[in-house]
Amino acid sequence: MAKAKNKVIAGDYLGRPVMQTLGMAYISLGITKNINLTKDTVEQYEIMDESHNRSTASTVGRGLIGELLLGPVGMLGGALTSKKRGIYVIAIKFKDGKKSLVEVNEKIYRAIMTQLF
């Protein structure tokens, strides 16, 4: 099974680690300097899952089957089943205009989503 890199894989802050401590996700810039991934620093974000790279027909098909079984929530769940489990790629645009593409594991992903909700 593939393991998430937990770092910035493209854009600004390339190669910097993405970490999570006490439920707070951040990009580490050094021993004492971090960029917290919160509503205060992030202007917008988009989750880039494997469905962006896989067949759109497959994703749509899974979504329709999920919708038939469970309604709108099932549609979302069905569409997202086509991605690799436990690895999330998120495009982040910061309020200062910088942009990063990060790859994170489930634990960090959940911290980011909680902070940006």
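Let's start with Phe94, which is buried, at a relative accessible area of 2%; buried here means under 20% relative accessible area, with over 50% called exposed and anything in between partly exposed (1.4 Å probe, protein chains only). Keep in mind that this is a predicted model, where local features need pLDDT of at least 70, side-chain atom pairs count only at pLDDT 80 or more, and totals for chains, interfaces and linings use all residues. Residues are numbered from 1 along each chain as its sequence is written, and side-chain values use heavy atoms, with hydrogens and water left out.

So what about aromatic pairs? The count comes to two, taking rings of Phe, Tyr and Trp (its six-membered ring) whose centres lie within 6.5 Å, with planes under 30 degrees apart called stacked, over 60 edge-to-face and the rest tilted. Tyr13 and Phe94 make an edge-to-face pair, 5.9 Å centre to centre with 85° between the planes. The two sit 81 residues apart: Tyr13 is in the loop between strand S1 (7-11) and S2, while Phe94 belongs to strand S6. Those labels come from DSSP runs numbered from the N terminus, with helices (H or I) of at least four residues and strands (E) of at least two. Tyr13 counts as buried too, at 17% relative accessibility.

Tyr88 and Tyr109 form a stacked pair, with 3.8 Å centre to centre and 5° between the planes. Tyr88 is in strand S6 and Tyr109 in helix H3, so this pair ties together parts 21 residues apart in sequence. Tyr88 is buried at 11% relative accessibility, and Tyr109 is buried at 16%.

That brings us to helix H3 itself (residues 106-116), whose buried residues are Ile108, Tyr109, Ala111, Ile112, Met113, Gln115 and Leu116. An α-helix has 3.6 residues a turn, so residues three or four places apart point the same way. What covers the buried residues of H3? The cover includes strands S2 (18-21), S3, S5 (42-48), S6 (87-94) and S7 (99-105). At the start of H3, a side-chain oxygen of Asn105 comes to within 3.2 Å of the backbone nitrogen of Lys107.

Now for confidence. The protein chain averages a pLDDT of 80, and 68% of the residues score at least 70; pLDDT is the predictor's confidence in each residue, from 0 to 100. Strand S3 (residues 24-28) has the highest confidence, at 97, and helix H2 (residues 72-80) the lowest, at a mean of 46. Over residues 72-82 the pLDDT is below 50, and beyond near neighbours in sequence this stretch has 20 contacts in the model, a contact being heavy atoms within 4.5 Å.

Definitions and conventions
A polar contact is a pair of N or O atoms within 3.5 Å; within protein, one must be able to donate a hydrogen and the other to accept it, and residues adjacent in sequence count only if both atoms are side-chain atoms.
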